[in-house]
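Visitor: Please take one part of this structure and go through it closely. I would like to hear about the metal site and what surrounds it in the chain.

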Amino acid sequence: MARTSAEVEQELARLEVETPSWGYGDSGTRFATFPQAGRPRDAFERIDDAAEVHRLTAAAPAVALHFPWDRVEDLGSLRRHAESRGLRIGAVNPNLFQAAEYKLGSVANPDPAVRARAVAHLLECVEIATELGSTAQSLWLADGTNYAGQDDLRARRERLLESLTEVYAALPPGQELLLEYKPFEPAFYATDLADWGSALLCCQKLGEKAAVLVDFGHHLLGANIEQIVAILAAEGRLGGFHFNNRKYADDDLIVGSVNPFELFSVFVELGTDLPRLTIDQAHNVEAKIEAMTLSVVNIQEAFAKALLVDREALAAAQAEGDVLGAHEVLLEAFRADVRELCARVREAAGGAADPVAALRESGYVERIVRERGAAAPVSAGWNA
Ligand code: PSV
Ligand code: MN
């Protein structure tokens, strides 16, 4: 039997998405950054924007932070600010990809002094997370090489494991380490944590507080993300997601905008056992807060559809070898129009029936443009 609407609504009300502080600020391609009027000027204002998305959707009660981008003088005041806006701090994301020293990598760099700097930043982030009440370090490494022979691949792996072992040992109870893989970019020959398998092996070596984070844009074209999810979940190592969507590579487009069936299929795999769900997108040409709001709505709708799957009918069709009968069970749920159901859940939780329309009517964006000012001039990505 499929769930009743009431049962679906009950489960859907439990959905919690983390929005990324870095998704509210100006972003761009490697060719140019297109600034937007009213962009937040600091971490406090990024939290204000995240709070607006939560007010509208009633499903985004946490904000993931990125350090040093979100560095403030007083972490306590940042935490209190978030709490006063009805938010909690989500995963803390260390940044090991922007300092000049990291040109040849961070935790896998051949130079021990650079590795020590990287480890020191990771340890600092463990403390930051503790002060902010965050329960996760979410780590993506840009480490890798551009040419065959550039460095010893096994040695790099050993250095990476050694560095992360030190960080893992410093994790306080209640804090986990999420490892995010990515096949290429910025490294174009060999990335040190290139795929879910290498991330999983690393987590298994570190210990049970380490789990894999799946970013939708971090796969080679054609990868079956829902199958990866099934394997990681079965191994008890699915730490969470970075939601976005892509057509070609790590495009960071709005989740569900290119391939809604893939998003639905991932939620079908998850069932009601949801790990950490974080959005990781770069809204370069679209309105920032609107894009984030629509992203949360897309996630709600995909989850709602997955909750409608008739699991008994699916299991029966699978057992009988009824190939298209089983597929039809999924299509039946995917084709359902869940917009009203989701609107009811949002409204019952104090959100808006139509969050994007409500945002447009609210005057929030006009207000922040008045308060925070016009857009900065366009800045070039190269030779600026
Ligand atoms: C890298 O492409 C990534 O997905 C990582 O999660 C980073 O932390 C994030 O994007 C922001 O650059
Ligand atoms: Mn990511």
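Guide: In this predicted model, the site of the manganese ion (ligand 2) is octahedral, with six donor atoms and angles of 71 to 169 degrees among them. For six octahedral donors the ideal angles are 90 or 180 degrees. The protein supplies Glu180 (OE), Asp215 (OD), His242 (ND1) and Asp280 (OD) as donors, and they lie 2.1 to 2.2 Å from the manganese ion (ligand 2). Along the sequence, the spacing of these donor residues reads E-x34-D-x26-H-x37-D. Aspartate 215 belongs to strand 9 (residues 210-215), while aspartate 280 sits in the loop between strand 11 (276-279) and helix 9 (288-307), so the two tie together parts that are 65 residues apart in sequence. Aspartate 215 and aspartate 280 are both buried.

Helix 9 also holds serine 295. This serine counts as buried because its relative accessibility is 0%. Apart from neighbours within four places in sequence, serine 295 is in contact with Ile254, Val255, Ile279, Gln281 and His283. Its C-alpha atom is 8.7 Å from that of phenylalanine 243, a residue 52 places away along the chain.

Valine 378 is exposed, since its relative accessible area is 54% and the cut-off for exposed is over 50%. Its place is the loop between helix 14 (364-372) and strand 12 (379-380). Together with Phe34 and Val285, Val378 forms a nonpolar surface patch with about 320 Å² of accessible area.

Conventions: Residues numbered from 1 in each chain as written. Chains lettered and ligands numbered in written order. Predicted model: local features only at pLDDT ≥ 70, side-chain atom pairs only at ≥ 80, totals over all residues. Heavy atoms only, no water. Patch = residues over 30% accessible without salt bridge, like charges linked within 9 Å, V, L, I, M, F, W, Y side chains within 5 Å. Areas by Shrake-Rupley, 256 points an atom, 1.4 Å probe, with all protein chains shown as cover. Salt bridge = Lys/Arg side-chain N within 4 Å of Asp/Glu carboxyl O. Helix = DSSP H or I, 4+ residues; strand = E, 2+ residues; numbered from the N terminus. Buried < 20%, exposed > 50% of the residue type's maximum accessible area, 1.4 Å probe, protein only. Donors = N, O, S within 2.8 Å, 3.2 Å for Na, K, Ca; no water. Tetrahedral: all angles 85-135°; square planar, octahedral: opposite > 155°, others 65-115°. Contact = heavy atoms within 4.5 Å.
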